[in-house]
Amino acid sequence: MYKSNILCLLFVLFISYLFFKQQTEKNEINHWYKRLLILALVHLSFDIASIYTITHLNEVPYLVNRIVHQYSLGMMFAMFVAVYLFLSALIEAELGCKIQKNLYIYITFAIAALGIMFLPIYYNTTDGYSYGPGVYVIYTAILIFIILTIINIVKYRHLISDKNLTAMKLSFLVEAMVFLIRFLLPESRISCFGVVIIVFVFYLIAENPDAILVQKLTEANKKADAANQAKTEFWAHMSHEIRTPINAILGMNEMILRESSEDEIKEYAQEVKSAARSLLGIINDILDINKIESGKIQLTPVQYKLKSLLTDIYNMVYIRAKEKELSFHMILDENLPSVLFGDDIRIRQILINLLNNAVKYTKQGSVTLEVKRHNENTFLFSVKDTGIGIKEDDLDKLFVPFERIEEIRNRNIEGSGLGLNITNQLILLHGSKLNVTSQYGSGSEFSFLLKQRVIDNAPLHMDLEKDQATKAKQYTPIIELPNAKILIVDDNKMNRLVLNQLLKATKAQIDSVESGYACLEITQKQHYDLIFMDHMMPEMDGVETFEKIRADKDNLCNTTPIVIVTANALVGDKEKYLNIGFTGYLSKPINADVLEKILWKLLRN
Ligand code: ADP
């Protein structure tokens with residue numbers, strides 16, 4: 001009768017020896033396994049003692065018999081609690097955060113402790129013994145812990161590795177069966193085997209090299225994720241901070257370009273403009289790389305006009321090409337549809353990146369954008385140049401972030417080595433790939449296929465010469481609004497000045513205030529036709545001020561169009577503000593053309 005119990009005790013002793021000898025990791029899982037081992041050892045020892053006291057009822061004083069049983073049962077219960085906590089620690093390790101402990105655990109624990117201390121455990125009968133209420137209380141408490149453990153395993157099964165899950169299920173099944181047998185056949189004394197199985201399987205989970213490795217990797221992964229998150233937040237913050245001074249530089253510079261009559265000064269201002277724009281481009285690229293790396297970039301498909309996409313691109317690239325005395329051609333299939341469904345912002349970004357590179361790396365000759373209809377809903381975009389070309393060996397370095405090819409030859413060409421990586425990732429996101437062919441010394445071609453849903457198949461008509469002619473003209477405001485009243489709300493003096501200056505040519509009557517409170521105050525007394533509202537302001541931000549104006553029916557600007565002006569210029573930000581209810585969105589640094597379009601749209605009547 002004792003033999004099997006002693007054997008089990010020896011086995012658990014052996015496992016304990018192995019565990020305490022090897023164990024180097026200090027974590028919650030090992031911490032609970034250690035307790036489980038100690039409880040198992042105490043439980044098995046008292047179990048052996050209780051077999052002795054039961055079989056020698058007449059020789060052992062009643063009190064000793066009771067204490068031995070109390071400890072044996074108490075430790076068995078404590079073991080199940082340790083099993084529960086061990087598995088919780090395991091789940092928490094895989095989950096990366098604490099799981100909430102149920103209130104029932106504490107209640108059950110307290111009732112079990114009181115039951116075992118004060119209720120009769122066994123009734124002494126002539127032909128053996130029978131259970132007293134103390135035992136039933138303990139068994140019920142154990143059953144509750146088994147159920148709680150099963151709930152946890154089922155709830156978090158997707159988070160636990162397959163191997164651990166199988167081990168848990170198996171050991172638990174065995175232990176539950178043993179518990180049942182012990183309950184129904186108290187004299188069978190096989191609970192010690194259940195203890196052995198639990199101890200052994202959990203040993204494999206806690207000390208197995210795989211488990212340790214997985215745990216270490218999970219921890220390293222969590223740290224890397226946190227670092228990545230911190231990096232992304234840092235860049236989002238930096239971008240916000242950098243955009244505000246660039247807004248001042250570009251805004252004031254725009255005034256010089258508009259108002260100066262000296263060609264030399266205008267030329268300097270043009271240089272400032274292009275330097276500030278390329279600084280902005282680098283910031284946007286770094287933000288994009290961060291977003292791509294953290295898997296946060298998603299396509300946002302909308303209905304868009306192919307003509308406006310291509311016209312914008314043409315106007316931008318045409319100016320750059322002209323500055324370098326390159327010719328820029330756009331060859332379009334006759335059967336290109338006019339309206340498509342896709343992420344036009346990302347497509348624009350891809351094409352602008354490729355075309356800017358083509359202009360950058362071409363000294364003479366031409367840059368060509370060709371768009372062909374490959375089939376019903378797939379289009380072929382190709383950007384060709386007659387530039388410096390790329391060596392065959394360098395082709396596979398093209399998409400590596402921060403990698404620039406032929407640094408020495410290209411040292412005068414500005415760039416961060418991020419553009420092609422982003423472009424490639426964005427094309428991959430569209431389910432396509434970027435093809436590159438190049439002849440070193442005579443030019444390159446970057447092409448890709450793009451699937452887009454066709455919304456309107458009517459052929460698109462482009463009149464590029466006309467668009468280009470309007471662009472080349474001297475600045476004249478597209479709209480004059482001498483009767484319009486416009487309010488600027490911004491806590492930053494420079495931002496107020498920039499917007500004020502950019503609006504000057506419209507001849508509108510402009511007021512500006514420096515806080516949300518001041519805005520609420522002035523709009524109570526005065527009606528405005530349009531409000532430009534900064535977002536980040538101390539005390540009451542732009543969104544809160546906006547909501548207060550809209551909520552107050554007596555406010556004279558209750559229905560006035562309100563445009564948010566913000567340095568939050570990541571993809572998706574615009575939609576966020578429009579969803580809040582803002583009439584329009586203007587990102588910093590303020591683009592004078594976008595500002596004019598907003599004025600045209602909102603105030604032309
Ligand atoms: P960068 O900011 O340096 O232009 P990209 O990622 O856009 O970074 O391009 C990576 C490298 O690929 C560039 O440094 C350049 O050497 C090469 N490259 C890209 N486009 C062209 C092109 N059209 N012709 C020749 N070389 C190019």
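Guide: A disulfide is a pair of cysteine sulfur atoms within 2.5 Å. A search of the whole structure finds 0 disulfides. The model is a predicted one, in which local features need pLDDT of at least 70 and side-chain atom pairs count only at pLDDT 80 or more, while totals for chains, interfaces and linings use all residues. Residues are numbered from 1 along each chain as its sequence is written, and side-chain values use heavy atoms, with hydrogens and water left out.

For cysteine 8, the closest cysteine sulfur belongs to cysteine 192 and lies 3.3 Å away, which is too far for a bond. Cysteine 192 is likewise in no disulfide. Buried means under 20% relative accessible area, exposed over 50%, and partly exposed in between (1.4 Å probe, protein chains only). Cysteine 8 counts as buried because its relative accessibility is 4%, and cysteine 192 counts as buried at 0%.

A nonpolar core is a set of buried Ala, Val, Leu, Ile, Met, Phe, Trp, Tyr and Cys residues joined through side-chain atoms within 4.5 Å. The largest such core has 65 residues, and those touching the most other members include Tyr33, Leu73, Phe86 and Ile142. Among the elements that give two or more residues to this core are helix H1 (2-22), helix H3 (62-95) and helix H7 (191-207); helices (H or I, at least four residues) are DSSP runs, numbered from the N terminus. H3 supplies the largest share, 17 residues.

Leaving aside neighbours within four places in sequence, isoleucine 142 is in contact (heavy atoms within 4.5 Å) with Met76, Phe77, Phe80 and Phe179.
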